[in-house]
Amino acid sequence: MCIRDSIEIMKSILILLAVATLGSAQNRCPEIVCNETVAKDGLCSRWVSKKLFMNMCKKDQFCFLPLDVAKEGHCVKMNEMPRLLPGEYCDSNKQCLHGSICEKNVCKGNEKGKPCNIDENCDVELYCDSTKRCAAPTKDCSKTGKCKSNEVCLKGACVTIGQLKDGVDSTVPGACRSYYVRDKKCAEGPRLHENDRLMCPYDEQCRYNHRGKEVFSSKCICSGSLAVGAFCAPGLGDVDTSGVSLGIIIVRGLYGIR
């Protein structure tokens, strides 16, 4: 998956989370109405009669949605808000976070051996070590940041994401093929209760089972369409975790699984 695709997916997820948040406040699912016309006066999102109307921004802009989702959203120029990490596509230095520079349309952090305060100061596949210098990943670790981008830190060693089978000892979900840990072992992910699939009335709970026992529940998620209403998100055991997937990580985050 390319970085641009990841950014677009994250934008969609932020909109869904905004809708879910507002739905919680209103105790109902609002509807999103998308318009293909460019926003007038830079106003790209607004609420009218409990509907969220969204317009496109110009090519060099993006729609900035405030944390208070009930407020209006405005188009902001790409180079007016730093929001990109090393390795992400960019057009100017102002777009890159933590002092990174835009080089050949990619945000570039500090090179190996250069000063740093946090991992994000360093370029891709580097981290900020105890001497406050950018360093290459190590096999031994005290945190995931010291490992390569496709690894996590488990018991002091860097292991490939998703390499451990069910039943193997682990305290880090990301090390498991299932992305789920139970009783300090990798285990098959929870599945959505057979009676809670597909659409569901908003404000009802979706139940998730692990080997026949309910392990947690979460509220139905607003879809943004009145025709669909709300739905239950799939459980980790309902989706294919054979490869690293942004969707899996997002589901974990929504469920609060660590």
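A residue counts as buried when its relative accessible area is under 20%, and as exposed when that area is over 50%. The model is predicted.

Q: Is Cys 128 buried or exposed?
A: The cut-off for a buried residue is under 20% relative accessible area. Cys 128 has a relative accessible area of 9%. Cys 128 is therefore buried.

Q: Which residue forms a disulfide with Cys 128?
A: A disulfide is a covalent bond between the sulfur atoms of two cysteines. The sulfur atom of Cys 128 lies 2.1 Å from that of its partner.

Q: What is the hand of the disulfide between Cys 116 and Cys 128?
A: Look at the torsion about the S-S bond, which is about 95°. The disulfide is therefore right-handed.

Q: How many residues apart in sequence are the parts tied together by Cys 116 and Cys 128?
A: Cys 116 lies in the loop between β7 and β8 (127–128). Cys 128 lies in strand β8 itself. The parts are apart in sequence by twelve residues.

Q: How many disulfides does the structure hold?
A: Another joins Cys 96 to Cys 107. The structure holds ten.

Q: Where does Cys 75 lie, the disulfide partner of Cys 57?
A: The sulfur atoms of Cys 57 and Cys 75 are 2.1 Å apart. Cys 57 is in the loop between β3 (51–56) and β4 (61–64). Cys 75 is 18 residues away, in strand β5 (residues 73–77).

Q: What is the hand of the disulfide between Cys 57 and Cys 75?
A: Cys 57 is buried at 16% relative accessible area, and Cys 75 is buried at 15%. The torsion about their S-S bond is about -85°. The disulfide is therefore left-handed.

Q: What is the relative accessible area of Cys 107?
A: Cys 107 is joined by a disulfide to Cys 96. Cys 96 is buried, at 6% relative accessibility. Cys 107 is also buried, with a relative accessible area of 1%.

Q: Is Cys 34 buried or exposed?
A: A residue needs over 50% relative accessible area to count as exposed. Cys 34 stands at 61%. Cys 34 is therefore exposed.

Q: Which residue in the turn between β2 and β3 has a positive phi?
A: β2 and β3 form a hairpin. Two residues lie between the strands. The phi in question is about 50°, and it belongs to Ser 49.

Q: How are the rings of the aromatic pair arranged?
A: The structure holds one aromatic pair. It is formed by Tyr 208 and Phe 216, with 4.9 Å centre to centre and 10° between the planes. Planes under 30 degrees apart count as stacked. The pair of Tyr 208 and Phe 216 is therefore stacked.

Q: How many residues make up the largest nonpolar core?
A: Tyr 208 and Phe 216 are both buried. They belong to this core, along with others including Leu 192, Cys 220 and Ala 230. Apart from it lies another core of eight residues, among them Val 152 and Val 181. The largest nonpolar core has twelve residues.

Q: Where is the place of Ser 100?
A: Ser 100 is buried, with a relative accessible area of 4%. Among the residues that Ser 100 touches are Pro 86, Asn 93, Cys 107 and Glu 120. Its place is in the loop between β5 and β6.

Q: How many strands are there in the protein?
A: Of the 258 residues of the protein, 38% count as buried. The accessible surface comes to about 15,200 Å², of which 52% belongs to carbon and sulfur atoms. The protein has two helices, and its strands number 19.

Terms used:
Residues numbered from 1 in each chain as written. Predicted model: local features only at pLDDT ≥ 70, side-chain atom pairs only at ≥ 80, totals over all residues. Heavy atoms only, no water. Helix = DSSP H or I, 4+ residues; strand = E, 2+ residues; numbered from the N terminus. Buried < 20%, exposed > 50% of the residue type's maximum accessible area, 1.4 Å probe, protein only. Areas by Shrake-Rupley, 256 points an atom, 1.4 Å probe, with all protein chains shown as cover. Phe/Tyr/Trp six-rings, centres within 6.5 Å; stacked < 30°, edge-to-face > 60°. Disulfide = S-S within 2.5 Å. Pairing = 2+ DSSP bridges. Core = buried A, V, L, I, M, F, W, Y, C linked by side-chain atoms within 4.5 Å. Contact = heavy atoms within 4.5 Å. Lists of a residue's contacts leave out its neighbours within four places in sequence.
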